[in-house]
Amino acid sequence: MSPPKGRGKPPRHLADLTLAERQEAATEAGLQAFRAKQLSVHYFERLVHDPAEMTDLPAAQRESIVSTFLPDLMTPIRTLEADRGTTVKTLWKLFDGALVESVLMRYTDRATICISSQAGCGMACPFCATGQGGLQRNMSTAEIVHQVVVGARAMASGEVPGGPGRLSNVVFMGMGEPLANYRAVIGAVRRLTDPAPEGLGLSARHVTVSTVGLVPRIKQLATEGVPVTLALSLHAPDDELRNELVPINTRFSVAETVEAAWEYARTTKRRVSIEYAMMRGINDQGWRADLLADVLNSYGDWGWVHVNLIPLNPTPGSKWTASDPADEREFVRRLEAKGISTTVRDTRGREIDGACGQLAAVEA
């Protein structure tokens, strides 16, 4: 699960640092400490990236200050739109050539961005485009945060159809296993939820961190004091199948993984989301719906969990395909009959290779 050694590090960016650390860095650079707050206001509050608009910085030093604290982290190399422009997928090239993706989705009542936390992924789930490419490297806190800031900027400036608006939700469901890059992801969560101008000022309840089930990290996340939503990518209720679909299950069983999720809900008082990609003839049998409900109900029915069924977004040439709609409906019926709150995810961007990893795989 460790990324390859020997790679250079991304340039240090304001978003890598707390406000106090930014002030210290400003002093070290020979600037007054208050410049750090000014830059923070521009980046996190005003969502400005053009030095020419930062008129409260001294004109003679403006370019050098901005290049020092707000270096370019990623370059968009391809952008695809779907759903009449309300779904925007961006392929980014990082400083070392690594490719990652983010997807901005505007709905009537919210705007959500799905972001990457690693370039590639080491979890090797066979139905996932990212997992087939392996892990290139972890992303830095700032690289993770910058995807969100760019999305917030696009919403605020009215670039997305529907007029100027606010980015409200962030989901760590793009490329990578967030909890395998724990330190940078927690740093990013804090930057996203810290009040402006220290951070972006998003509600922690509107931030979702996904995991395939790294049990020790789930337990650690419960102690952080940041009540994000935990999304557990379960995909099978039995060890025999989950060992095949989610190889980390050979290390942390279904029972251990679900118990860690339950402990997270108990500690944080936040309902856990169980992500379940529906795959035709693989995991969509009625008896597996019954077993899934029984596994979840074994921890009580106090509303600690919600199942989010995901129609699989198949990768080209893959044997993994979406379930038949009738089987999907029966799966929902059986879960709900046992009292499990269930929804089927609204799929977006299918015509633009919406599943993360698909664009990067093609480009690479």
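Reader: Hi! What percentage of the 364 residues of the chain count as buried?

Author: That comes to 55% of the 364 residues, where buried means under 20% relative accessible area with a 1.4 Å probe, protein chains only. Please keep in mind that this is a predicted model, where local features need pLDDT of at least 70, side-chain atom pairs count only at pLDDT 80 or more, and totals for chains, interfaces and linings use all residues. Residues are numbered from 1 along each chain as its sequence is written, and side-chain values use heavy atoms, with hydrogens and water left out.

Reader: Thanks! How many helices and strands does the chain have?

Author: There are 12 helices and 12 strands, taken as DSSP runs numbered from the N terminus (helices H or I, at least four residues; strands E, at least two).

Reader: Which residues in the largest nonpolar core touch the most other members?

Author: Those are Val-148, Val-170, Phe-172, Val-228, Leu-296, Trp-304 and Leu-335, out of 106 residues in that core. A nonpolar core is a set of buried Ala, Val, Leu, Ile, Met, Phe, Trp, Tyr and Cys residues joined through side-chain atoms within 4.5 Å. Helix α5 (residues 141-156) gives the largest share of this core, 8 residues. A second, separate core has 5 residues, including Val-103 and Cys-114.

Reader: And what is Leu-335 in contact with, leaving aside its neighbours within four places in sequence?

Author: Its partners are Ala-289, Leu-292, Ala-293, Val-307, Leu-309, Ile-340 and Thr-342, with contact meaning heavy atoms within 4.5 Å.

Reader: Switching to rings: how many aromatic pairs are there?

Author: The structure holds 5; rings of Phe, Tyr and Trp (its six-membered ring) pair if their centres lie within 6.5 Å, and planes under 30 degrees apart count as stacked, over 60 as edge-to-face and the rest as tilted. Tyr-276 and Phe-331 make a tilted pair, 5.1 Å centre to centre with 40° between the planes. This pair links distant parts of the chain, with Tyr-276 in strand β10 (residues 272-278) and Phe-331 in helix α11 (residues 325-337), 55 residues apart.

Reader: Are Tyr-276 and Phe-331 buried or exposed?

Author: Both Tyr-276 and Phe-331 are buried. Elsewhere, Trp-262, Tyr-299 and Trp-304 form one aromatic cluster.

Reader: Last one: where is Thr-268?

Author: Thr-268 sits in helix α9 (residues 254-268), and counts as buried because its relative accessible area is 17%. A polar atom of the Thr-268 side chain lies 2.7 Å from the backbone oxygen of Tyr-264, and one lies 3.2 Å from the backbone nitrogen of Arg-270.

Methods. Buried means under 20% relative accessible area, exposed over 50%, partly exposed in between (1.4 Å probe, protein chains only). A polar contact is a pair of N or O atoms within 3.5 Å; within protein, one must be able to donate a hydrogen and the other to accept it, and residues adjacent in sequence count only if both atoms are side-chain atoms.
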